[in-house]
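Biologist: Hi! I'm new to this one, could you walk me through it?
Modeller: Happy to, let's bring it up.

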Amino acid sequence: MAMFVLYEHAAGYGLFSVKEFEEIGMLLPQVEASIMDLSRFNAIVKLVGFHPFKTAVAALNNVNAISEGLLPDDLSSFLDTTLPKSVKKKPVTLGVADAKLGAAIAEALSVQCSHIGAVPEILRGIRHHFSNMVKGFTDQSAAVAQLGLGHSYSRCKVKFNVHRSDNMIIQSIALLDQLDKDVNTFSMRIREWYSYHFPELSKIVTDNYMFAKVAHFIKDRKTLNDESLTGLEEILMDSEKAQAILDASRMSMGMDISVVDLLNIEMFATRVIKLSDYRHQLSSYLHSKMNSVAPNLQALIGDQVGARLISKAGSLTNLAKFPASTVQILGAEKALFRALKTKSNTPKYGLLFNSSFIGRANAKNKGRISRFLANKCTIASRIDCFTETPSTVFGEALKEQVEERLKFYEQGETPRKNLDVMKEAMALAQQVSASKSKKQKKRKLEDTNGNATELNGTDGNSAKKRKKSKLNDTNGEDAADDSTLNGSAMLDSSSAALDVSNGEGKKKKKKKNKNKTAEIEA
């Protein structure tokens, strides 16, 4: 059996022949020890052919194809010309590093491929001694090729995002969860800290955000009086609670606190208030991002549950690839493997438990609703991932289906068929896309017309404006001279002009022009 090994380098493809491969497979520990020695390794492995990449773009295209398990055209032609054909007496085996690439080569070129046994160790030795085995190739040139291809490949992977910013959703939902934990921890800390001074306040104000704002407003409880009642009412939006705080401050059992302690409590309360405000801003940012990236998933299960599903899957594309059974238990992997190990009941839901639909269902119907909701979530995520004109039409239709299924489980009302619902949604989606296209066309026409009118106005009227400005300047100078010399004459001319203006429209223009020429001549 003839053994050849394919090695993919940043500079090109290399094909190596391996001598006595069957004996090498039997003596794998000795092979591992002899890999570091170049003379011993050259006795076993020799270079058959090397195909360099012509440009950096070609190298990037080949690496992208190999990473996806596809056979590039350059590699196919290189193997077709360099690799000898297999004969019955002497079959040929090609050793590869990636199993997917081996399957693609076997399917396209009908060559037996292997990626197990001694092949990984031989590839490790080729990788170590590659610069010495190829003529005219050095370690420095290999490092330059690897660095350039590595940068371009990673840049391409970062840019490959299918015109969507689901990475921003992943980061924002992770930050939102962290902020929830931190704000709750800090709120409990400020409650405990300020309760030494004013313990009755924690019973009156139960909300953490309101407690921080009230503590920041009150500071020292002894300074509270009737004038501060309006400020408390503005914060709490409740006059009874504000009056209760004022009464409790006069009969409080808390200890006195120094000015320095109150300053620290005030600073900490401001930090908690700012964190809470930023949390609200972040939730609105997440809402806008979900509306642009996954509007149907957002309409179906909400912002936070949809964002957690995308974050757990890694991207919207990965979530669209998942089957409904995986989406149903996404987030409950520990419980699933524990159930498989102990042979107990598997979990019914994961992250979908936070949805309002499962909370509204009865205990016996929670599993049914979670399965049905996971099915609709997969449909919504696939529509969001692969549609060209995103809209919330399908998400709202899928949400109505879940509502109808809930009514069916509770009251027995038969829901509509999925085919009918999807037909209605398709018709609505076509109407929405048509209206959007009309609006875009109108905007384009308005922009083009506006630019054309601006251009025409500036070109055509520039000469006229110049003439008018010159005439106005001359008229102004003459009028100024006349006014300084003969004021009464100007009054007479103005009265004459007023008398002339009472005539017909056609005569007005002629007389005005005559008056202007007369004034210029004067």
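Predicted model: local features only at pLDDT ≥ 70, side-chain atom pairs only at ≥ 80, totals over all residues.

Biologist: Which residues have the most contacts inside the largest nonpolar core?
Modeller: They are Leu 297, Leu 300, Ile 301, Ile 310, Leu 319, Leu 373 and Cys 377, in a core of 46 residues. Such a core is a set of buried Ala, Val, Leu, Ile, Met, Phe, Trp, Tyr and Cys residues joined through side-chain atoms within 4.5 Å, where buried means under 20% relative accessible area, exposed over 50% and partly exposed in between (1.4 Å probe, protein chains only).
Biologist: Which helix gives the most to this core?
Modeller: Helix α21 (residues 366-386), with eight residues; helices are DSSP runs of H or I, at least four residues, numbered from the N terminus.
Biologist: And what does Leu 373 touch?
Modeller: Leaving out residues up to four places away in sequence, Leu 373 touches Leu 300, Ile 301, Leu 352, Ser 355, Phe 357 and Val 402, a contact being heavy atoms within 4.5 Å.
Biologist: What else lies apart from that core?
Modeller: Another core, of 27 residues, including Tyr 194 and Ile 257.
Biologist: New topic: where is Trp 193?
Modeller: Trp 193 sits in helix α9 (residues 166-194) and is partly exposed, at 31% relative accessible area.
Biologist: How much of the protein is buried?
Modeller: Buried residues are 34% of the 522.

Terms used:
Residues numbered from 1 in each chain as written. Heavy atoms only, no water. Helix = DSSP H or I, 4+ residues; strand = E, 2+ residues; numbered from the N terminus.
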